[in-house]
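Thanks for coming. Please have a look at the model first.

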Amino acid sequence: MRFYPSCLIVFLFFTHTFSAQESTIKAALDYLNLVRANPTQFSEEVGVSLKGVEKRPVMQWNETLAKAAQTKAEDMAKNNYFGHVDKKGYGMNYYINKAGYKLNADWLKNPKENYFESISAGSDSPREGIIDLINDDNVKDHQKAGHRLHLLGISDFHKKSLDIGIGWATNPNSSYKTYLVVLVARHDW
């Protein structure tokens with residue numbers, strides 16, 4: 001049996017890179033769960049008052065949502081766009097369901113629909129992207145801050161959504177360089 005040291009080095013490099021990405025995504029999830037547990041405490045850090053935002057339960061990692069989020073983040077990075085609808089005309093409801101996370105059939109009638117995705121681009125890390133999404137362009141009225149409603153479970157629609165998947169992709173040759181996709185959903189409605 002022959003041993004090829006250069007192959008081992010390449011394998012270790014890719015393993016290390018993947019682990020580093022996993023740890024930054026986990027840090028983003030942990031941070032979001034901290035904010036959900038005590039929103040007011042994070043008002044200054046996120047740049048908008050979270051006074052009056054109720055505490056929410058911890059979200060649980062969902063591998064199906066994570067794979068769909070990662071695929072979408074990579075698609076935006078590779079194809080140099082930023083939007084809830086991809087270049088084929090599909091929104092995340094379609095892709096979440098296609099990945100195996102079954103949704104209500106009514107939410108699949110329009111292939112462009114998105115009820116579960118928050119996206120950010122140009123952040124230095126997934127955690128910073130989470131902060132940008134919660135800040136939601138510094139919108140003061142929580143009911144008008146769509147990403148905040150989604151991630152912090154402020155609206156009745158998102159209140160009981162506890163499954164989460166996060167995707168993060170980079171492409172130095174794209175317009176925004178970094179792309180974050182956060183999917184927060186639940187099966188039973």
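I will start with the term itself: a salt bridge is a side-chain nitrogen of Lys or Arg within 4 Å of a carboxyl oxygen of Asp or Glu. Counted by this rule, there are 6 salt bridges. Side chains of opposite charge can pair when their charged atoms come close.

Before the examples, some notes on the model. It is a predicted model, in which local features need pLDDT of at least 70 and side-chain atom pairs count only at pLDDT 80 or more, while totals for chains, interfaces and linings use all residues. Residues are numbered from 1 along each chain as its sequence is written, and side-chain values use heavy atoms, with hydrogens and water left out.

Glutamate 54 and arginine 56 form a salt bridge through their side chains, at 3.4 Å from N to O. Glutamate 54 is exposed because its relative accessibility is 51%, whereas arginine 56, at 13%, is buried.

Next, the side chain of lysine 109 meets that of aspartate 106 in a salt bridge, 3.1 Å from N to O. Here aspartate 106 is partly exposed at 47%, and lysine 109 is exposed at 66%.

Lastly, aspartate 156 is joined to lysine 159 by a side-chain salt bridge of 3.5 Å, N to O. Lysine 159 has 31%, so it counts as partly exposed.

Technical notes:
Buried means under 20% relative accessible area, exposed over 50%, partly exposed in between (1.4 Å probe, protein chains only).
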